[in-house]
Amino acid sequence: MNLQLVNQELFNGITCDVWRNDNHEIFMTTEQLAQCIGYQTRYGITKLVQKNKYLKNREFSVSAKLAHGDGKQYDTRVFTFEGIKEILFLAPKSETARKFREWTRSVLNAYFKGELVKAKEMAKATITRRELSTAISESPHFEKNYHVIFADMLTALVTNGKYKSVRGMRKALGRPNAKLKQMLESSEELQLLQTYESSITNLLDLGFDRHQIKAFLTKEKAQPLPTKKA
């Protein structure tokens with residue numbers, strides 16, 4: 001089976017590869033699915049498949065040749081959209097798994113329906129690419145300083161918390177007028193910035209507010225709701 005890497009989306013600090021075949025089905029690899037659910041290694045998923053042989057059926061997963069870090073292609077088990085949902089049903093319940101179910105219902109479901117794929121293909125065909133700033137301005141949750149809020153969120157994400165805001169980074173580096181991308185030190189950080197910008201744009205287009213987006217893109221655990229005093 002030939003698979004094409006459609007895009008990379010971020011969940012809980014994890015870069016998730018979204019694959020698609022010629023029939024526009026979407027897939028995720030065993031390793032990334034394990035990470036998103038909260039397993040320490042891919043063998044958490046492997047054990048689920050061993051205990052539930054039906055997960056090897058075409059409806060839920062297939063074996064495909066994908067390139068790995070060494071540049072070579074290896075047979076890799078990838079899960080269909082139905083397979084991802086089935087794994088989530090069988091996996092131990094946790095806060096991370098719950099958040100990933102929400103992410104699956106929104107982001108992956110949009111890929112499954114072809115909504116985000118179509119939007120990305122249309123964007124490639126236009127001269128002017130839709131930018132994050134436009135998505136922020138058109139958000140139904142738009143509020144004062146929304147652009148600054150997302151710029152600061154990106155700063156904290158890309159620098160792994162070293163800097164909490166663009167203003168703070170400018171002050172620390174002595175560059176009062178620099179943009180975020182101009183202050184990044186490596187090509188890897190620039191690539192990470194682009195990936196985060198793409199994910200935030202997609203989540204905004206799906207109707208997410210800034211609090212939901214931050215929860216999806218960071219490793220912060222959701223805080224329990226305060227209980228009412230008797």
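Predicted model: local features only at pLDDT ≥ 70, side-chain atom pairs only at ≥ 80, totals over all residues.
Figure 1. Going element by element, helix α2 (residues 43-51) has the highest mean pLDDT, at 93, while helix α5 (residues 115-124) has the lowest, at 46. Residues 117-129 stay under 50 throughout, and the model gives them 9 contacts beyond four places in sequence. Then there's the stretch 220-230, also below 50 in pLDDT, with 4 contacts in the model beyond near neighbours in sequence.

**Figure 2. The whole chain at a glance.** Count up the secondary structure and you get 11 helices and 5 strands. Of the 230 residues, 40% are buried. For contacts with a separation of 6 or more, 52% come from residues 24 or more positions apart. The accessible surface is about 14000 Å², and carbon and sulfur atoms supply 50% of that.

**Figure 3. The open sheet.** Reading across, the 5 strands line up as β1-β2-β3-β5-β4, with antiparallel pairing. β1 and β4 (61-67) sit at the edges, so to speak, each pairing on one side only. Ignoring direction, neighbouring strands are turned against each other by 45 degrees on average.

**Figure 4. The β1-β2 hairpin.** The hairpin has 2 residues between its strands, and asparagine 12 takes a positive phi near 55 degrees. Strand β2 (residues 14-20) is largely enclosed by the rest of the structure, because 6 of its 7 residues are buried.

**Figure 5. From β2 into β3.** Here β2 pairs with strand β3 (residues 26-29), antiparallel again, over 2 bridges. Tryptophan 19 stands opposite phenylalanine 27 in β3. This hairpin has 5 residues between the strands, and histidine 24 in the turn shows a positive phi of about 65 degrees.

Figure 6. Strand β5 (residues 73-80) pairs with β3 over 3 bridges in the antiparallel sense. Within that pairing, methionine 28 has phenylalanine 79 of β5 as its bridge partner. Helix α4 (residues 95-112) lies across β1, β2 and β3, and runs at about 145 degrees to β1.

Definitions and conventions. Residues numbered from 1 in each chain as written. Heavy atoms only, no water. Helix = DSSP H or I, 4+ residues; strand = E, 2+ residues; numbered from the N terminus. Buried < 20%, exposed > 50% of the residue type's maximum accessible area, 1.4 Å probe, protein only. Contact = heavy atoms within 4.5 Å. Areas by Shrake-Rupley, 256 points an atom, 1.4 Å probe, with all protein chains shown as cover. Pairing = 2+ DSSP bridges. pLDDT = per-residue confidence, 0-100. Axes fitted to C-alpha atoms, helices over the stretch in contact; angles between N-to-C directions.
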